[in-house]
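Let's take a walk through a protein model together. Keep the structure open beside the text, and look up each residue as it comes along.

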Amino acid sequence: TKAFAITPADADLPVPTRMITINVGGILSFLGGDNITYTTAALPAGSYPICATRVLPATTATGITGWT
């Protein structure tokens with residue numbers, strides 16, 4: 001398992017995630033492995049089993065870490 005910091009952007013992540021951790025809660029907007037854009041309701045800080053290829057700028061959560 002490898003971890004990497006994520007900055008929301010309109011660019012692909014270096015590798016797809018299997019899990020995302022957010023340190024400060026908020027909305028998470030991401031492009032899933034199925035090429036569909038998803039936007040969550042406000043999430044509390046924590047770890048979530050999310051397969052993402054991008055974390056989009058509409059994201060308001062911060063302190064984001066991707067796990068492979």
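Start at serine 29, which sits in strand 3, a stretch covering residues 29–32. Keep in mind that you're looking at a predicted model. Is serine 29 buried or exposed? With a relative accessible area of 4%, serine 29 is buried, because anything under 20% counts that way. Its side chain has a partner, too: there's a polar contact with the side chain of threonine 39, at 3.2 Å. Leaving out residues up to four places away in sequence, serine 29 touches a whole set of others, including Thr37, Tyr38, Arg54, Val55 and Leu56.

**The whole chain**

Now zoom out. What does the secondary structure of the protein chain come to? You'll find 0 helices and 7 strands, so reading along the sequence gives you β-β-β-β-β-β-β. The radius of gyration is 10 Å, close to the 11 Å that the globule rule gives for 68 residues, so the chain is as compact as a globular protein of that length. If you boxed up the C-alpha atoms along the principal axes, you'd need roughly 25 × 25 × 20 Å. Buried residues make up 35% of the 68 residues. And if you take the contacts between residues at least 6 apart in sequence, 67% of them join residues at least 24 apart.

In what order do 4 of the strands line up in an open sheet? The order is 1-7-2-5, and the pairing is antiparallel. Strand 1 and strand 5 (46–48) stand at the edges with a single partner strand each, so one side of each has no neighbour in the sheet. Direction ignored, neighbouring strands here are turned by 25° against each other on average.

Look at strand 2 next. It pairs with strand 7 (residues 62–67) in the antiparallel sense over 5 bridges, and with strand 5, again antiparallel, over 3 bridges. Threonine 21 is a handy residue for seeing both pairings: it stands opposite threonine 65 in strand 7, while its bridge partner in strand 5 is serine 47. Isoleucine 20, for its part, stands opposite glycine 66 in strand 7.

Over in strand 1 you'll find alanine 5. The C-alpha atoms of alanine 5 and serine 47 are separated by 14 Å, and the two residues are 42 residues apart along the chain.

| Residue | Relative accessible area | Class |
|---|---|---|
| Serine 29 | 4% | buried |
| Arginine 54 | 24% | partly exposed |
| Aspartate 12 | 54% | exposed |
| Alanine 5 | 72% | exposed |

Definitions and conventions:
Residues are numbered from 1 along each chain as its sequence is written. This is a predicted model: local features need pLDDT of at least 70, side-chain atom pairs count only at pLDDT 80 or more; totals for chains, interfaces and linings use all residues. Side-chain values use heavy atoms; hydrogens and water are left out. Buried means under 20% relative accessible area, exposed over 50%, partly exposed in between (1.4 Å probe, protein chains only). Two strands pair if DSSP finds at least two bridges between them. Helices (H or I, at least four residues) and strands (E, at least two) are DSSP runs, numbered from the N terminus. Axes are lines fitted to C-alpha atoms, for helices over the stretch in contact, and angles run from 0 to 180 degrees between N-to-C directions. A polar contact is a pair of N or O atoms within 3.5 Å; within protein, one must be able to donate a hydrogen and the other to accept it, and residues adjacent in sequence count only if both atoms are side-chain atoms. Contact means heavy atoms within 4.5 Å. The radius of gyration is taken over C-alpha atoms; the globule rule is 2.2 Å times the number of residues to the power 0.38.
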